[in-house]
Amino acid sequence: MPSFQLLLSVLGVSGLVYLGLCGWLRLIQRWMMYLPTALGPATPQDWGRPYEEVWIPVEGHGDSGYLHGWWIPTSEAPGLTVLYLHGNSGSIASNISQVRRLRALGASVLTIDYRGYGRSSGPFPNESRLYADAVAAYQFLVTHKAVDPHHLIAYGHSLGGAIAIELALRVPTLAGLVVEGSFTSMGDMAERSTYNAWFPVRRMLTQQFDSLAKVPHLALPTLYIHGLADASVPATMGQTLHQATPAPADLWLVPKADHNDLTTLAGADFDHRLRQFFQHHILATSPSP
């Protein structure tokens, strides 16, 4: 009997410890997902492009703040604007190479740091704040930069892809959507983590980013880009998103490309594919500016 009581005590303590760890993981998950850094020294001026630092207000019910970003305009044809939404880590400075490639296509580009990233205000990010930040950036372009929504494309990389998908649902006047290296849902990503062997990670999530449930409702031209060697987000997730998206939707799988080197590795093919997407799916069908 004493041994049985000891066993019950050990099991009880173990259960409490396990529940405590579950609660701890639930509380800190945002700090595991979002990895912001301060703004680095690189700017578009380093590659000879004039740019404007912009500060964009985000209004909310007791959750206001502002976004810091770079506005890199052009008067070149084809007269498109790209809103670039970066992934879960770094800042706009650490994603400058992607912005440079998009600007080289002749499009104006706005890239922003979400609240909690770079020089933007707090508070620390969560799913709803990130969505609100993207909407604020869109409204800034339309209201303060007189950008025609029918010539405005949202481009999101990784986590930014999930944010761009949500933006496309909230703003149906967007001209197009480009999603690079993004995932089907945060739950699917969590199940790939080492924590899944020990904890019910999907049920513990407060940050869902369920893109797979959203993409069937998209009603704009969409291009999915994914590296076949992506070790962070498997290419099968990009394929699944594409299959669930109504036409017109294209998929470009890039051989040997990992999660963060796709635009560099693809080189001239990246420029060609994006120009083709812009020309065939946006410029050929949208109203003249």
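**Close-up views of a predicted model**

**View 1. An open sheet of eight strands runs in the order E2-E3-E6-E4-E7-E8-E9-E10, with mixed pairing.** Strands (E, at least two residues) and helices (H or I, at least four) are DSSP runs, numbered from the N terminus. Strand E2 (52-58) and strand E10 (249-254) are the edge strands, each pairing on one side only; two strands pair if DSSP finds at least two bridges between them. On average, neighbouring strands of this sheet are turned by 20 degrees against each other, direction ignored. This is a predicted model, where local features need pLDDT of at least 70, side-chain atom pairs count only at pLDDT 80 or more, and totals for chains, interfaces and linings use all residues. Residues are numbered from 1 along each chain as its sequence is written, and side-chain values use heavy atoms, with hydrogens and water left out.

**View 2. Strand E8 (residues 176-180) and strand E9 (residues 222-227) run parallel, joined by four bridges.** Look for Val179, which stands opposite Tyr224 in E9.

**View 3. Helix H2 (residues 96-104) meets helix H10 (residues 268-283): their axes come within 10 Å and cross at roughly 55 degrees.** Axes are lines fitted to C-alpha atoms, for helices over the stretch in contact, and angles run from 0 to 180 degrees between N-to-C directions. Arg101, Leu102 and Ala104 of H2 make the contact with Ala268, Phe270, Asp271 and Arg275 of H10, where contact means heavy atoms within 4.5 Å.
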